[in-house]
Amino acid sequence: MANTILVGAQWGDEGKGKIIDYLTDDADIVVRSQGGNNAGHTIVLGGDKYVLHLIPSGILRRGKVCVIGNGVVLDPIALVGEIDGLRARGVKVAKNLLISGGAHLVMPYHRALDEQREALKGKNKIGTTKRGIGPAYGDKAARTGIRLADLMNTELFQAKLKARMKENNAVLKSLGAKPIDARKVGQAYLAAAEVLRPFVTNTVVYLHDAIAKGKKMLFEGAQGTFLDIDHGTYPFVTSSNTTAGGACTGSGVPPHRMDNVLGVIKAYTTRVGEGPFPTEDAGLGDRLHEMGREFGATTGRARRCGWFDAVAVRYANMVNGIDQLAITNLDGLDGVEKIKVCTAYKLDGKKITVLPTQCDEVERCTPIYTEFPGWMTSTENARKYKDLPPNARRYVETLASLIGTKLSIVSVGPGRDQTIRL
Ligand code: GDP
Ligand code: IMO
Ligand code: MG
């Protein structure tokens, strides 16, 4: 495995964390290049569950380096909490974590604005994680953001904070929200700065030196293709490029240094938050929720569930250039008698096979399904491809062929060992 970009090919929560942790065994460096602590990547080791929000999912493997790149929006208080939480559980977080000074900070006014804007939208809300992600990327694009490198310079940070607090408190006041105490924010952020200082470096230079030394890198996508700010179901998306290109801009590693793209999909579909979801199926959702599955790793919200949407994932293949596919949560379908896969949509009376660009059109799409017989037995203990029941093999092979890419990993449980390499 050379340098691999791993992306979610659906609406997030595909099981990226589990697959990254598994693949890190064979990598040297794991890089996060977009998103923030809206992400929740779960790794289960033995009986222990770890949920990572900002720190790359390679952190549990000894001898690997984790990098938070310039494209990430970083809440320093949340990051310090995450570092402390891992250390308290005996996970080493020291020289194995590097953070780009170019990463933009998520500030308390971003979180407050996220909350206020969602409330203003009422029933048209996006259903964000309320982590301040949209407003933080908004400031970045408007060139009014504060970066981690600024926080490393107390005077500069204080000056930028003062200017930004003035404007943002005025906006918050106009929305009827409580103003934020700039002095308290300054104190808390400068305290976090001292914890983070040893990790901050020019990660672009680090990554280029590592490439020169022949190190292998994994780029850990957050969110998923249809939450991408450009290619997702806008406006029901996040505010970063969650697709393969985001790994380059968000890390400073150029496209010709990337060797392959691994797309992660669930054997069905889930989505958290609002927005169109053509294959949503309440019955499947009830079934998965009753099994204790599909509750958000960041917000705890019950995820919306539905059948596998091959039309959407084919589009994801186009946008990301998926070389290999990892299918997770196959075991989630273990007891399902008839499994549906969406192979086309009906839109305003016409059959279509491409995901529409406009959200209201996606909203009007009804799925055309092909049905597959289930395997009606547990797959959780399968460790080799041939251990899978024939109907399960037929199912995953059909998904790969509908998407038009190669299948390389099948996951049959949350644990590291519950992984089949093809
Ligand atoms: P991520 O955001 O893409 O990393 O995914 P999440 O961690 O938010 O959600 C995936 C959920 O599925 C987590 O609870 C994982 O532990 C779990 N998971 C991943 N792969 C499998 C699998 O093959 N089977 C089962 N049962 N759970 C899985
Ligand atoms: P991982 O990396 C699933 C969704 C939110 C909301 C929309 C915008 O764990 O797959 P935001 O807070 O980003 O402004 O919310 O995006 N969302 C995710 N859904 N998995 C995630 O991350 C998500 N990160 C954001 O639910 O619909
Ligand atoms: Mg998640």
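Reader: Is the crossing of α2 and α7 left-handed or right-handed?

Author: The model before us is predicted. In it, the crossing of α2 and α7 is left-handed. The residues in contact are Pro-76, Ile-77, Leu-79, Val-80 and Ile-83 on α2, and Ala-188, Tyr-189, Ala-192, Val-195 and Leu-196 on α7. By class, the contact of α2 with α7 comprises 10 nonpolar residues, no polar and no charged ones.

Reader: At what angle do helix α2 and helix α7 pack?

Author: Helix α2 (residues 76-88) and helix α7 (residues 182-196) pack at about 45 degrees, and their axes are 9 Å apart. The two helices are therefore oblique to each other.

Reader: Why is α3 described as roughly parallel to α6?

Author: Angles under 35 degrees count as roughly parallel. The axes of helix α3 (residues 108-121) and helix α6 (residues 154-174) cross at roughly 20 degrees and come within 11 Å, which makes α3 roughly parallel to α6. The crossing of α3 and α6 is left-handed. On α3, the contact involves Tyr-109, Ala-112, Leu-113 and Gln-116; on α6, it involves Arg-164, Met-165, Asn-168, Val-171 and Leu-172. This contact of α3 with α6 has 6 nonpolar, 2 polar and 1 charged residues.

Reader: Let us turn to the metal site. Which residues coordinate the magnesium ion (ligand 3)?

Author: Ideal angles at a metal are 109.5 degrees for four tetrahedral donors, and 90 or 180 degrees for six octahedral ones. Here the magnesium ion (ligand 3) is coordinated by Asp-13 (OD) and Gly-40 (O), at 2.1 to 2.2 Å. This pair links distant parts of the chain, 27 residues apart: Asp-13 belongs to the loop between β1 (4-8) and α1 (16-24), and Gly-40 to the loop between β2 (29-32) and β3 (41-45).

Reader: Is Gly-40 buried or exposed?

Author: Gly-40 counts as buried, because its relative accessibility is 9% and the cut-off for burial is under 20%. Asp-13, at 21%, counts as partly exposed.

Reader: How should I read the backbone angles? What is the phi of Lys-130?

Author: Most residues other than glycine have a negative phi, and most peptide bonds are trans. Lys-130 has a phi near 60 degrees, a positive value in a residue other than glycine. Lys-130 is in the loop between α3 and α4 (133-142) and is partly exposed, with a relative accessible area of 37%. Gln-223 is not a glycine either, yet its phi is positive, at about 60 degrees. Gln-223 is placed in the loop between β10 and α9 and is buried, with a relative accessible area of 8%.

Reader: Is the peptide bond from Tyr-234 to Pro-235 cis or trans?

Author: The bond from Tyr-234 to Pro-235 is cis, with omega near 5 degrees. Pro-235 lies in the loop between β10 (217-220) and α9 (245-249).

Reader: Finally, with which residues is Ala-392 in contact, leaving aside its neighbours within four places in sequence?

Author: With those neighbours left aside, Ala-392 is in contact with Leu-330 and Trp-375. Ala-392 lies in helix α13 (residues 390-403) and is buried, with a relative accessible area of 0%. Between Ala-392 and Ala-212, the C-alpha to C-alpha distance is 42 Å, and they are 180 residues apart in sequence.

Definitions and conventions
Residues are numbered from 1 along each chain as its sequence is written. Chains are lettered from A and ligands numbered from 1 in the order in which they are written. This is a predicted model: local features need pLDDT of at least 70, side-chain atom pairs count only at pLDDT 80 or more; totals for chains, interfaces and linings use all residues. Side-chain values use heavy atoms; hydrogens and water are left out. Donors are N, O and S atoms within 2.8 Å of the metal (3.2 Å for Na, K and Ca); water is not among the atoms, so sites may look incomplete. Helices (H or I, at least four residues) and strands (E, at least two) are DSSP runs, numbered from the N terminus. Buried means under 20% relative accessible area, exposed over 50%, partly exposed in between (1.4 Å probe, protein chains only). Axes are lines fitted to C-alpha atoms, for helices over the stretch in contact, and angles run from 0 to 180 degrees between N-to-C directions. Angles under 35 degrees count as roughly parallel, over 145 as roughly antiparallel, 65 to 115 as roughly perpendicular and the rest as oblique. A crossing is left-handed if the near helix is turned anticlockwise from the far one by less than a right angle, and right-handed if clockwise. Contact means heavy atoms within 4.5 Å. Ala, Val, Leu, Ile, Met, Phe, Trp, Tyr, Cys and Pro count as nonpolar, Asp, Glu, Lys and Arg as charged, and the others, Gly among them, as polar.
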